[in-house]
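Please read the points below with the model open beside them. They go through contacts between chains first and then through features within single chains.

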Amino acid sequence: MKIVNTRVRLETKGAGDLIDITGDIAAALAHSGLRTGSVLVFVVGSTAGITTFEYEPGLIADMKEFYQRIAPSGKHHYHDDTWGDANGFSHIRASITGPSLTVPFEEGRMLLGTWQQVVLAEFDNRPRAREVIVQLTGE
Amino acid sequence: MKIVNTRVRLETKGAGDLIDITGDIAAALAHSGLRTGSVLVFVVGSTAGITTFEYEPGLIADMKEFYQRIAPSGKHHYHDDTWGDANGFSHIRASITGPSLTVPFEEGRMLLGTWQQVVLAEFDNRPRAREVIVQLTGE
Amino acid sequence: MKIVNTRVRLETKGAGDLIDITGDIAAALAHSGLRTGSVLVFVVGSTAGITTFEYEPGLIADMKEFYQRIAPSGKHHYHDDTWGDANGFSHIRASITGPSLTVPFEEGRMLLGTWQQVVLAEFDNRPRAREVIVQLTGE
């Protein structure tokens, strides 16, 4: 068994940007030559998350609406008083979504469903440079 | 260290069916002969999730009510316009719950609490055949 | 590759106590001597969770308010009828937060952001003795 650490670096647009990173992870897996194991996808930072959903325009809009409903951007947050950057809602969305996901792979292929994409969720209220750790463990 | 991939296949009833799969995972662990490591439980597909809770009728009812409150089935979703299958709410519930869970084990036993069961959550609005990947890594 | 299992044991105050355990995990990592791999953090029990957020007083207050909004403590739950301990809301919060988190590490250091702490969330309505499994896998 071995461990291969790689990075996916990308620029987000802020404001609820949802980015399909499935292809980046599949490329890292192919490059590693590993056949069986799991890939840990972890976004560094406290205002982004990693999730999975069917990546199509309708559901992208639904997910944005959902996050706005459970953690509204217009609401006052105590965190905003601490830093003055008005992104308390971003932190809450990131915490509830979680920064990581682990996907098993077999025969060199992630065991995702056809309509199950891995998505980087940018919750911050401004564009950000993001680093996603892609750690492959297997044989 | 080695990796053992197994599957749990089951038929769900749809409509918020919550199924305790702790016994299936424990059986896969026992069969593998591994003593120390972790088990990755991953459901394939974008309208189901893996979670943990105390599996008893009262809490099962509470969890269904909770999901109905945060992502109501009667609400219109843009996703429904894409496919016409009216299960936008299912996708949102699956995304927020997450498709996977990793549980450590030691001396051949998962380190779960007594009232902490691993649950497959069927969020789709119709019965489905589900495949759950159970990947054991350890020694 | 090897696996090192350790425990963090701590006493919580109940009532939504949020405890930064990043230092405890970093200490376990340092003690293991591992350089590259991942750490699985798993809380035993069905009324606590593991999450990440920027651990500062403003956001701690925001997170408590968020949990109270999505799963209110004053609401009646069917689970309360089962046991009579009135903590149905605790179980729901724990289920949606999740009991575990996996963080990659490299050169002996967890790849967390500067403002990204690992937090034990006590959701129960009374003080509890908690056991958190810290399982390090790597080389």
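1. Chain B puts 29 residues in contact with 25 residues of chain C, where two residues are in contact if their C-beta atoms, placed from the backbone, lie within 7 Å. On the side of chain B that touches chain C, the elements giving two or more residues are β3 (37-43), β4 (48-53), α2 (57-70) and β5 (100-106) of chain B. Helices (H or I, at least four residues) and strands (E, at least two) are DSSP runs, numbered from the N terminus. α2(B) supplies the largest share of this side, seven residues. By class, the side has 13 nonpolar, eleven polar and five charged residues. Ala, Val, Leu, Ile, Met, Phe, Trp, Tyr, Cys and Pro count as nonpolar, Asp, Glu, Lys and Arg as charged, and the others, Gly among them, as polar.

2. A word on the basis of these values. This is a predicted model, in which local features need pLDDT of at least 70 and side-chain atom pairs count only at pLDDT 80 or more, while totals for chains, interfaces and linings use all residues. Residues are numbered from 1 along each chain as its sequence is written, and chains are lettered from A and ligands numbered from 1 in the order in which they are written.

3. Chain B also meets chain A: 25 residues of chain B are in contact with 29 residues of chain A. Here the elements of chain B that give two or more residues are β1 (2-11), β3, α3 (78-83), α4 (88-97), β5 and β8 (129-138). The residues on this side of chain B are eleven nonpolar, 13 polar and one charged.

4. The crossing of α4(A) and α2(C) is right-handed, that is, the near helix is turned clockwise from the far one by less than a right angle. Gly88(A), His91(A), Ile92(A) and Ser95(A) make the contact from α4(A), and Leu59(C), Asp62(C), Met63(C) and Phe66(C) from α2(C). These are four nonpolar, three polar and one charged residues.

5. In chain B, is α4(B) mostly covered or mostly uncovered? α4(B) is mostly covered, with ten of its ten residues buried. A residue is buried if 20 or more other C-beta atoms lie within 10 Å of its own, exposed if 12 or fewer, and partly exposed in between. The buried residues of α4(B) pack against β4 (48-53) and α2 (57-70) of chain A, as well as β4, α2, α3 and β7 (117-122) of chain B. Gly98(B), which follows α4(B), has a positive phi near 95 degrees.

6. Chain C has an open sheet of five strands in the order β1-β8-β3-β5-β6, with antiparallel pairing; two strands pair if DSSP finds at least two bridges between them. β1 (2-11) and β6 (109-110) of chain C are at the edges with a single partner strand each, so one side of each has no neighbour in the sheet. Ten bridges join β1(C) to strand β8 (residues 129-138) of chain C in the antiparallel sense, and Ile3(C) is opposite Thr137(C) in β8(C).

7. Strand β4 (residues 48-53) of chain C is also mostly covered, six of its six residues being buried. Ala48(C), Ile50(C) and Thr52(C) point one way from β4(C), while Gly49(C), Thr51(C) and Phe53(C) point the other way. β4(C) runs antiparallel to strand β7 (residues 117-122) of chain C and is joined to β7(C) by six bridges. Thr52(C) stands opposite Val118(C) in β7(C).

8. One backbone detail deserves a check. Glu107(B) is not a glycine, yet its phi is positive, about 50 degrees. Glu107(B) lies in the loop between β5 and β6 (109-110) of chain B and counts as exposed, with 8 C-beta neighbours inside 10 Å.
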